[in-house]
Amino acid sequence: MSTVTIVSTGTANIASVAAALRRCGCTPRTTTNPNEVSDADRVVLPGVGSFAAGMEALNSHGLTPVLRERAEAGRPLLAICLGLQLLCRSSEESPGFSGLGVIDSDVRRLSGELRVPQFGWNTVERGDTSIRTDGYAYYANSYCVAEPPHGWRCATTPYGASIVAAIERGAVLACQFHPELSGAWGAELIAGWLSRTESSVAC
Amino acid sequence: MLTRRIIPCLDVRDGRVVKGVRFAGLRDAGDPVEQAERYEREGADEIVILDVSATPEGRETAAVTVESVRSVLSIPLTVGGGVRSFADAERLLSAGADKVGVNSAAVARPELLSELASRVGTQCVVIAIDAARRNAASGWEVVTHSGTTRTGVDAIEWAAQAEQRGAGEILLTSWDRDGTGEGYDTDLLHTMSAATRLPIVASGGASGPSHMLEAFEAGAHAVLAASIFHDGVMTVGSVKAELARNGTEVRL
């Protein structure tokens, strides 16, 4: 049975991610150790909380360089919600904090007359990503990436304007929504990433 | 487009689902894992578990229940009841809750909301407000401790303060309507919706899809219901189909 490594820098939501991976037949293990993250075949970077707290946690555990390297090399990485945002350059949520800078974008606050946070199920148009079908995904976000970043395949969601739902490059898939909470559609997305990345993992 | 959410609520005590009107006359209503699974299958958008245990042993059981439900559930899970500290919230989140609901303890000590939001994020913090119409004046006041305490605190002002302090969602229960089947308190929803930008989950009083439509029109983003689903009078799926026929965006 294959192991998937979850970067566990915060309390929140890790249990849901682990449970979803178990339902896909994987063994999740959690770590904050940079060597383990570097060596892992497949890594999940979940995230709930503020951009600053997320980056401080990564920095304090020495995880920033290994995650950056992995994402830039296109090695298997599934980033979820804040995890996606941390891959960007910066965020309006936490001025002065640098993100991993792998995605050439700055994270913006959801604006206009919208309810914030965006809590609930919204449609995802899969665009040119490897996500198999359009569907409904569960969101819990106050910030977003507004424009599809250059060099990434991109799925989108309408919330006021069109926002980035997920982006993909190599074996890196970063979702603004929570696939682990998106019912059967989300489970299929996770299973798809697992099966695609299995072939890129040296056995 | 963001859809309206239908959220079945499980009142859980000592590892079993219970039901009763206003927490009186509780009787056994089944296994929480089986019910949560069934609701997800029927199309529920989220599950709320409300721990109504009265004892510390019961609270321990609640975390075990959350863990068991989490292992089968692939939609969001909110857990409330008896959350008084960061440690309480952390226990439930570690067990598999995605959001925690805080109620009486936040009224007694509003800083609790900021403490939780700064450590686990706004997205994980639900302020549960039980609101009752004032007896001698207009408006609503917050009631706590399962309705036994009328606090005198204005429910609308309290919601605004909770938003400021870092709550990410409001679970708004009408104490006057809860368990009556007379419909959600739409005046309360209208007033609350105008006073906050947070999403509002309406609770208390539903006996069918027409009540849910009224709640959405009054500003609710999600509706919570317990007895109509437990009794098998209708399924989540049939409710959603009816809402869709009436032009409400739901996830089908």
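In chain B, residues B:Pro32, B:Val33, B:Ala36 and B:Glu37 of helix α1(B) meet B:Thr65, B:Ser68, B:Val69 and B:Val72 of helix α2(B). Five of the residues in this contact are nonpolar, two are polar and one is charged. Helix α1 of chain B spans residues 32-42, and helix α2 of chain B spans residues 56-72. Their axes come within 9 Å of each other and cross at roughly 35°. The crossing of α1(B) and α2(B) is right-handed. The model is predicted, and these features are read under its confidence limits: local features need pLDDT of at least 70, and side-chain atom pairs count only at pLDDT 80 or more.

Chain A contains six helices and 12 strands. Its radius of gyration is 15 Å, close to the 17 Å that the globule rule gives for 203 residues, so chain A is as compact as a globular protein of that length. Along the principal axes, the C-alpha atoms of chain A fill a box of roughly 50 × 35 × 30 Å. Of the 203 residues in chain A, 52% are buried. Among contacts in chain A with a separation of 6 or more, 65% link residues 24 or more positions apart.

One sheet of chain A is open and has three strands. The strand order is β5-β6-β9, and the pairing is mixed. Strands β5 (90-91) and β9 (143-144) of chain A form the edges, each pairing on one side only. Strand β6 of chain A comprises residues 106-109. Strands β6(A) and β9(A) run antiparallel and are joined by two bridges. Within this pairing, A:Arg108 has A:Cys144 of β9(A) as its bridge partner. Strands of a sheet pair through backbone hydrogen bonds, either parallel or antiparallel.

Technical notes:
Residues numbered from 1 in each chain as written. Chains lettered and ligands numbered in written order. Axes fitted to C-alpha atoms, helices over the stretch in contact; angles between N-to-C directions. Helix = DSSP H or I, 4+ residues; strand = E, 2+ residues; numbered from the N terminus. Left-handed = near helix turned anticlockwise from the far one by under 90°. Contact = placed C-beta atoms within 7 Å. Nonpolar A, V, L, I, M, F, W, Y, C, P; charged D, E, K, R; others polar. Pairing = 2+ DSSP bridges. Rg over C-alpha atoms; globule rule 2.2 N^0.38 Å. Buried ≥ 20, exposed ≤ 12 C-beta atoms within 10 Å, placed from the backbone.
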